[in-house]
Amino acid sequence: MTDTPPLAEGYEISTDPDRIDAERVHRWLSTDAYWAIGRAREKQDGAIEGSLNFGVYETVSGEQVAYARVVTDRATFAWLCDVYVDPSVRGKGIGTALVGGVREHLRPYGIKRMLLATHDAHGVYAKLGFAPLERPDQWMALYF
């Protein structure tokens, strides 16, 4: 499997739910993420509450600069979603390191597959071992 890229110096990844800046995450996603434009704050708070959350923080200020969440049973399945890096720190490899950190955090659980959906970041995720579904004809979705 692909090596996990290092996080840029001066940043750290945490799964501590108390460190998540929910207001900032909501602002990022509801105003700048094509998949979540207009998402209500209450809906985002519920998503955070029901997920395994990852934040990237500046080590000196503690300011959150990136976010990802995983919907998982921590046994057989995981769905990576809401991956977002603040525009001010893009280009430093923070997103790639964050997703690599998520992968490594989940590895000990023995999860067979982690899925994600992306419109435009296939190359980023491919560097970390993600690939198109081998048998997309076996997958279905229920849309509400």
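**Figure 1. Aromatic pairs in the predicted model.** The count of aromatic pairs in this predicted model comes to three. One of them joins W28 and Y84, whose rings are stacked, with 5.2 Å from centre to centre and 25° between the planes. W28 belongs to helix α1 (residues 22-32) and Y84 to strand β4 (residues 77-85), so this pair ties together parts of the chain that lie 56 residues apart in sequence. Both W28 and Y84 are buried.

**Figure 2. The edge-to-face pair of Y34 and W35.** The ring centres of Y34 and W35 are 5.1 Å apart and the planes stand at 85°, so the pair is classed as edge-to-face. An angle over 60 degrees is what this class requires. Y34 has a relative accessibility of 44% and therefore counts as partly exposed. W35, with a relative accessible area of 37%, is likewise partly exposed.

**Figure 3. Arginine charges over tyrosine rings.** The charged end of R19 sits over the ring of Y57, at 4.0 Å from the ring centre. R90 lies over the face of Y84, and here the distance to the ring centre is 5.1 Å. Y84 is also the partner of W28 in the stacked pair, and Y84 is a buried residue.

**Figure 4. The fold as a whole.** Four helices and five strands make up the secondary structure of the protein. Along the sequence they follow the pattern β-α-α-β-β-β-α-β-α. The radius of gyration is 15 Å, close to the 15 Å given by the globule rule for 144 residues, so the protein is as compact as a globular protein of that length. The C-alpha trace spans about 45 × 35 × 30 Å along its principal axes. Among contacts between residues at least 6 apart in sequence, 61% join residues at least 24 apart.

Figure 5. An unreviewed UniProt entry lists residues 11-144 as "domain: N-acetyltransferase". Over residues 11-144 the chain is 28% helix and 24% strand.

**Figure 6. Surface and interior.** Of the 144 residues in the protein, 40% are buried. W28 and Y84 are buried, whereas Y34 is partly exposed. The accessible surface of the protein comes to about 8800 Å², and carbon and sulfur atoms account for 53% of this area.

Definitions and conventions:
Residues are numbered from 1 along each chain as its sequence is written. This is a predicted model: local features need pLDDT of at least 70, side-chain atom pairs count only at pLDDT 80 or more; totals for chains, interfaces and linings use all residues. Side-chain values use heavy atoms; hydrogens and water are left out. UniProt positions are given in the numbering used here, feature names are shortened, and annotations may be inferred rather than shown by experiment. Helices (H or I, at least four residues) and strands (E, at least two) are DSSP runs, numbered from the N terminus. Rings of Phe, Tyr and Trp (its six-membered ring) pair if their centres lie within 6.5 Å; planes under 30 degrees apart count as stacked, over 60 as edge-to-face and the rest as tilted. Buried means under 20% relative accessible area, exposed over 50%, partly exposed in between (1.4 Å probe, protein chains only). A charge sits over a ring if NZ of Lys or CZ of Arg is within 6 Å of the ring centre and within 35 degrees of the ring normal. The radius of gyration is taken over C-alpha atoms; the globule rule is 2.2 Å times the number of residues to the power 0.38. Contact means heavy atoms within 4.5 Å. Accessible areas come from the Shrake-Rupley method with a 1.4 Å probe; for residues, only the protein chains shown count as cover.
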